Amino acid sequence: MIELGKFNTLEILRHTSVGLFLGDEEDNDILLPNKYVPETYEIGDKIEVFCYLDYDERPVATNLEPGIVVGEFQLLKVVDVNEFGAFLDWGLEKHLLVPFREQRNKMQEGQWYVVYCYVDEKSNRLVASNKLDKFISNDELTVRVREKVDLIITRQTDLGWEVIINNKHKGLVYENEVFKKIAIGDTMPGVIKAIRGDHKIDVSLQPLGEKILEPAANKIYEILTVNGGFLPLHDKSNPEEIRAELQMSKKTFKKGIGTLYKSRKITIESDGIHLI
C-alpha cells in the first residue's frame, strides 16, 4: 500500500516521458515526475520517496524531504491565507492547508505555528491542524514519574508552558521552573515530575532532586573558567540576576556553589565567587 503523507520504499517499474512510475507489492503505482528522477537508476531498483497530492489532487512522489509527515507535530510558517484557510511552507511545491475549522485562532501570514499533519478522511487530502488537543490524550498514560521524555513546546499560558510529551500526552512546565530561554516549537528532553489524580502531568526541563546538583556545579565551574575565575554572584544575590546570568534558580545556584565550596574549588566573597 502506498501511504500518502509518508515516506515509501517503492520499486522503479518503468520510465515514461513524464517521469518514472514506481510501484509497491500490491500493484499500486505512482508517478515520480522528471524533475525528481535520480541521475542514475535501473528498472527494478528500490527508491525511497515521499508521496502526496499535487495541485490537481493526483498522487505523486518526490525525493524532497518535507518539514512534516503524517502523524507528526512540527513548527511551520504560514505563507498565505485565503478563503480556504491558511497555507504552510513544508518544503514542497504545493503548500500544506490548515482549514479554518482546524485553526485554534485565525492564523496570520508570516507567523509560525505548531501543527499536526493527518489525512482528512472525507477528502483524502493531506491537511494540518493546530487544534493540538484533538491529537493527544492523557486518558491512558504511557509515562511514569521520573521518566525521561521528549517534549515539544506548544503554548505559553499564565501558569507556564504547555508541552506535548512523546507525541502522545499533554503536560505543563511551570513558569517559575524555567531557567533558560525557550520558545514555541522548541524540542527538548524533559522529565516527568508529577502525575496528578486527574491525569494532568507536570514536567521538568532539568533532572529531578539531587541529580541537578552536579550539573549545576559543573556549569558554574565552566562559566567561572570562561570568565577569568570570577562571577559577581553569591548566596545573597537577587534570584533574577542569577537566572539572567546562569539560567538556573537561586536554590539550584546555592546548591551548586555549595558543592564547589566543599570541593575547595571556589571562595565566596562579598563581591562574588572566585575560582581557586
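**Exercise 1. With which residue does Arg 58 form a salt bridge, and how far apart are the closest N and O atoms?**

Before we start, a word on the model: it is predicted, so local features need pLDDT of at least 70 and side-chain atom pairs count only at pLDDT 80 or more, while totals for chains, interfaces and linings use all residues. Residues are numbered from 1 along each chain as its sequence is written, and side-chain values use heavy atoms, with hydrogens and water left out.

*Solution.* 
- Step 1: recall the term. A salt bridge is a side-chain nitrogen of Lys or Arg within 4 Å of a carboxyl oxygen of Asp or Glu.
- Step 2: find the partner. Arg 58 pairs with Asp 54, and their closest N and O atoms are 3.1 Å apart.
- Step 3: look for another partner. Arg 58 also meets Asp 56 in a salt bridge, at 3.2 Å from N to O.
- Step 4: compare the surroundings, where buried means under 20% relative accessible area, exposed over 50%, and partly exposed in between (1.4 Å probe, protein chains only). Arg 58 is partly exposed at 48%, Asp 54 is buried at 12%, and Asp 56 is exposed at 53%.

**Exercise 2. Which residues have the most contacts inside the largest nonpolar core?**

*Solution.* 
- Step 1: a nonpolar core is a set of buried Ala, Val, Leu, Ile, Met, Phe, Trp, Tyr and Cys residues joined through side-chain atoms within 4.5 Å.
- Step 2: the largest one has 19 residues, and Leu 88, Trp 90, Leu 96 and Val 115 have the most contacts inside it.
- Step 3: among the elements that give two or more residues to this core are strands E4 (46-53), E6 (73-82) and E9 (112-119). Strands here are DSSP runs of at least two residues (E), helices are runs of at least four (H or I), and both are numbered from the N terminus.
- Step 4: E9 supplies the largest share, 3 residues.
- Step 5: setting aside residues up to four places away in sequence, Val 115 touches several residues, including Ile 68, Phe 73, Leu 88 and Met 107. Contact means heavy atoms within 4.5 Å.

**Exercise 3. How many helices and strands are in the chain?**

*Solution.* 
- Step 1: the chain holds 3 helices and 18 strands.
- Step 2: its C-alpha trace spans about 80 × 45 × 35 Å along the principal axes.
- Step 3: of its 276 residues, 43% are buried.
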